[in-house]
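Open the model in your viewer and keep the selection tool ready. The stops below go from the whole chain down to single residues.

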Amino acid sequence: MYHRYLCFDRQRRRIRSSSPSPETKTTTFLTSSSAVHHLLLFTLCVNHIFSGNNPIHTAMAFDLNTITFDQGYAPLFSDFNIDRSEDDTSVRLLLNRQSGSGIISTDYYNYGFFSARIKLPTKYTAGIVVAFYTSNVDMFPKTHDELDLEFLGNVRGKPWRFQTNIYGNGSTTRGREERYRLWFDPSKEFHRYSILWTRNKIIFYVDEIPIREVLRDENMGGDYPAKPMSSYATVWDASTWATGGGRHKVDYRFEPFTSEFQDLVLQGCPVDPTDAISTNCIDAMDELEASEFATITPRQRQAKKWFREKYMYYSYCYDRLRYPSPLPECLLISSEQELFKNNGRLKNPQRFHRYRHHRRGSQRPNTTAVY
């Protein structure tokens, strides 16, 4: 968007500043080498915008079937802090002094695609965690599976951070977390966050950008989530750890803290979680794996590389203190690896503290500072 604005704005201003007098405008424009140069610049700008070289503009939005809240979800806790829209297409989850709040899908799914457009709380958000995830901890408390997208609040003026995590068969001692920033402020507008979970791969998406892909490796064994899971969304007080290791707490002078969810998607095969041998989902699983969001295109892979090299600031795959030998699903990428120390953290974290202000109205992702 920024590149498109910049190109058109430059062209408009240059033509305007070099415009001849009205009586000679037509012939001068047609014969002027300067005008030809401007036209070529304009053409190059348009080609750049639509060629896919800009990693943000990777694809058209996924073709998704959204549902109303009542078609797929129910309150999980603190119903009094759950505010559903009149048309039931969106829901607001509140955190205040009384409680946080949460929702849960009314079905378990044997693999699936779980997605929502989310806008996070604004102002002072230290100590707050907003989570969009899948789990079966209520059915399998000691051997549960889980796929997490967790958003971590911050002090005023500091950006939201978020992390992804994967647990299989109760493997909580083998955390597979990665942490990132975003190229936008997630409290200003809605963005789509999605989790794809199939028999052989897991993909986390922000909008249509795949930020993380895990391919099933037979050496993972039960660490790969394989039991039916529900979808959850929650907001809660995590003052003990979420910001600065617990140094910054939730400040309830700014309550209520509101997380908004809309355009909900639940695509998968609803199952009885106790029926471990059910084969009723084969067709649904095949359909899921044939969906457009189950295959990362070359453009999306370029965007994934761009995101991970600029916005990921911790990865368990590069953490040699926790895992002297990488876990079996880790694909070590040299361009990523050279960015991290042996504790999985960035060698140069200061690049996250530089910020450049852009022209008002531009929407260019900030590639030197990170939201």
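The tour starts with the whole chain, then visits a sheet, its helices and the disulfides.

This is a predicted model: local features need pLDDT of at least 70, side-chain atom pairs count only at pLDDT 80 or more, and totals for chains, interfaces and linings use all residues. Residues are numbered from 1 along each chain as its sequence is written, and side-chain values use heavy atoms, with hydrogens and water left out.

**Whole chain**

Show the protein chain as a cartoon. It has seven helices and 16 strands. These are DSSP runs numbered from the N terminus: helices are H or I with at least four residues, strands E with at least two. Of the 371 residues, 51% are buried, meaning under 20% relative accessible area with a 1.4 Å probe, protein chains only.

**The sheet**

Select the open sheet of seven strands. Its order is β2-β3-β14-β5-β10-β11-β12, and the pairing is antiparallel. Two strands count as paired if DSSP finds at least two bridges between them. Now go to the edges. β2 (82-84) and β12 (209-215) each have a single partner strand, so one side of each lacks a neighbour in the sheet. On average, neighbouring strands are turned by 20 degrees against each other, direction ignored. Axes here are lines fitted to C-alpha atoms.

Next, select residues 191-197 and 201-206. These are β10 and β11, an antiparallel pair joined by five bridges. Find Leu196; Ile203 in β11 stands opposite.

**Helices on the sheet**

Select 282-289. This is helix α5, which packs on the sheet and touches β5 (108-119), β10 and β14 (257-271). Contact means heavy atoms within 4.5 Å. The direction of α5 makes about 40 degrees with that of β5. Angles run from 0 to 180 degrees between N-to-C directions, and helix axes are fitted over the stretch in contact.

Move to 298-311. Helix α6 lies across β11 and β12, at about 95 degrees to β12.

**Disulfides**

Show cysteine side chains. There are two disulfides, each a pair of cysteine sulfur atoms within 2.5 Å.

Cys269 is joined to Cys281, S to S 2.0 Å. Cys269 lies in strand β14 and Cys281 in the loop between β14 and α5, so the link ties parts 12 residues apart in sequence. The S-S torsion is about -75 degrees, so this disulfide is left-handed. Cys269 is buried at 10%, and Cys281 is buried at 2%.

Last stop: Cys317 and Cys330, with sulfur atoms 2.0 Å apart. Cys317 sits in strand β15 (residues 312-319), and Cys330 in the loop between β15 and α7 (334-337). This link is left-handed too, with -85 degrees about the S-S bond.

Notes. Buried < 20%, exposed > 50% of the residue type's maximum accessible area, 1.4 Å probe, protein only.
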